[in-house]
Amino acid sequence: MWLSLWIDTLLVAVVASVVLASDPQREHGTHLIRGRGQRNGCNVRQRMSLRGGQSSQYIRPNWQGLLKWSLENQKTYEQYLKNGTKPRMMSPEDAEFLRNAMELHLVDGKHMIQCCLLSLRLNHKWKPSLNIQRPSEGIRFHKEENTFIIVPRRHEWGILHSPFEALLKLKDYMETVELSKEFVELGGLNVVNAWILEAPDDDHVLEAVSAISLACHNNPVGSRRAVKHSIVESLFSLLTKPVRLGLKRRALMALSSIALMDPEATLRFSNCRGFQLIAEIFYTAEDCMQKSILNFLISATTVTKMYCAGKLLVSSGIVEALCDAAVDHRDKEIRMNSLAVLMNIAKSGKEELVAVRGTGIVSRLLRIPRHSEAEMDAKMEFAQVLLEKSEEGIDTAAGQEFVAL
């Protein structure tokens, strides 16, 4: 039976490999294979390399030979099922060839995450701590011109010549929740945070922030650890620095991931006077930056996570700006997201509802022409929020007019 399992698994891998290898322009390139898992609404991709290599310690795959060998063994096994002919046992040479051929396509994600983190630790002047008692078997490193070079178990998986390469590769190996958790358990948040606070340029910081965002997305444990490591404060500091716009947007994306999973992140952000800062820059920010701000505010004001966020936003003075955006902005996404944040604020308490109603947003919404069906649905939901508070003595006449539309 073991031979049957070997052959069935082998046939699937070989056919896929031969198809890839048949493209002469991509024989030595990097291929992206779509996996079954999903993250961020996208199919998770696993990298595979067909570089082969010339080193004597690695066997260069011969896909045509491997296919011929597997088909011959399949015929032998079929004969065994029919007349009891004993199948040929796999020789040590065949087993070694198969192991090397298959390992080229199955990158060990945990092994590579360790390699990346070791590169980031050894090449940072602070030498931030890692939770790695004993590195994975096969990891080697040496120093060239004050830079540590990390060599994984297989060269084909990618030698890390610089910490920037390590930051780039981290994104490839953290697109599954399981590997993100592995990254967190190894102390990756502490190491990457060091590169946010102290890095040679914005490119390194951008990739470090991206790694934080991936590690905390849909990961309560990662978000909790990020708060404990003061990463919220590190990300907030990027909003106050004269860095490029893309980096600030990426910082807000990471803050959104953390705030959605851990309510304390919103309190930490507020303690840094983060909501006041956002209120100041929202008026004059570009559309792309406003979208990033709104996504963060939606995460921070999700009523099941953080009721006091509404009060904090009202005191920051951003409600007027949100009302203007919900009514007059030319971009549909910004209009709808502004309305979503206002709805969350209004749901958080009576005082917050009064503050939103005091802007006169309902009457302003009544005067604008109808937009898409989705926007009308959002406005109807907003009116429903107002009506739900009618028993508290709030005047909902405008809301009733709105529903009458």
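This is a predicted model: local features need pLDDT of at least 70, side-chain atom pairs count only at pLDDT 80 or more; totals for chains, interfaces and linings use all residues.
## Overall architecture

The protein has 405 residues, of which 49% are buried. Its secondary structure consists of 21 helices and 4 strands. Among contacts with a separation of 6 or more, 67% are between residues 24 or more positions apart.

The protein exposes about 20,200 Å².

## Helix H9 and its cover

Helix H9 covers residues 220-228, and Gly222, Ser223, Ala226 and Val227 are buried within it. When H9 is viewed down its axis, the buried residues fall within an arc of 140°, so they line one face of the helix.

Several helices take part in covering these buried residues. Among them are H6 (177-185), H7 (188-197) and H8 (202-216). The cover also includes H10 (231-240), H11 (245-261) and H12 (264-271).

## The largest nonpolar core

The largest nonpolar core contains 92 residues. Within this core, Phe183, Leu235, Ile258, Phe296 and Ile361 touch the most other members. Helix H8 gives the most to the core, with 9 residues.

The surroundings of isoleucine 258 can be listed individually. Leaving aside neighbours within four places in sequence, isoleucine 258 is in contact with Ser223, Ala226 and Val227, among others. Other contacts of isoleucine 258 include Ile212, Cys216, Ile231, Val232, Leu235 and Ala265.

## Aromatic pairs

The structure holds 5 aromatic pairs. In one of them, the rings of phenylalanine 269 and phenylalanine 275 have centres 5.4 Å apart and planes at 80°, so the pair is edge-to-face. Phenylalanine 269 has a relative accessible area of 1% and is buried. Phenylalanine 275 likewise counts as buried, at 1% relative accessibility.

How are the rings of phenylalanine 275 and phenylalanine 296 arranged? Their centres are 6.4 Å apart and their planes lie at 25°, so this pair is stacked. Phenylalanine 275 belongs to helix H13 (residues 274-282) and phenylalanine 296 to helix H14 (residues 287-300), so the pair ties together parts that are 21 residues apart in sequence. Phenylalanine 296 is buried, with a relative accessible area of 1%. Ring pairs link Phe236, Phe269, Phe275 and Phe296 into a cluster.

## Serine 299 and aspartate 287 in helix H14

Serine 299 is located in helix H14. Its relative accessibility is 9%, so serine 299 counts as buried, the limit being under 20%. Apart from neighbours within four places in sequence, serine 299 is in contact with Ser256, Ala259 and Leu260. Serine 299 and proline 263 are 36 residues apart in sequence, and their C-alpha atoms are 9.5 Å apart in space.

Aspartate 287 is also placed in helix H14. Aspartate 287 counts as partly exposed, at 22% relative accessibility. Not counting residues up to four places away in sequence, aspartate 287 touches His329, Arg330 and Ile334. The side chains of aspartate 287 and arginine 330 are joined by a polar contact of 3.1 Å. These two residues are 43 residues apart along the chain, and their C-alpha atoms are separated by 9.6 Å.

Arginine 335 lies in helix H17, which comprises residues 332-347. Is arginine 335 buried or exposed? At 9% relative accessibility, arginine 335 counts as buried.

A polar atom of the arginine 335 side chain lies 2.8 Å from the backbone oxygen of histidine 329. Histidine 329 is also one of the residues that aspartate 287 touches.

How values were computed
Residues are numbered from 1 along each chain as its sequence is written. Side-chain values use heavy atoms; hydrogens and water are left out. Buried means under 20% relative accessible area, exposed over 50%, partly exposed in between (1.4 Å probe, protein chains only). Helices (H or I, at least four residues) and strands (E, at least two) are DSSP runs, numbered from the N terminus. The arc is that of the directions from the helix axis to the C-beta atoms. Contact means heavy atoms within 4.5 Å. Rings of Phe, Tyr and Trp (its six-membered ring) pair if their centres lie within 6.5 Å; planes under 30 degrees apart count as stacked, over 60 as edge-to-face and the rest as tilted. A nonpolar core is a set of buried Ala, Val, Leu, Ile, Met, Phe, Trp, Tyr and Cys residues joined through side-chain atoms within 4.5 Å. A polar contact is a pair of N or O atoms within 3.5 Å; within protein, one must be able to donate a hydrogen and the other to accept it, and residues adjacent in sequence count only if both atoms are side-chain atoms. Accessible areas come from the Shrake-Rupley method with a 1.4 Å probe; for residues, only the protein chains shown count as cover.
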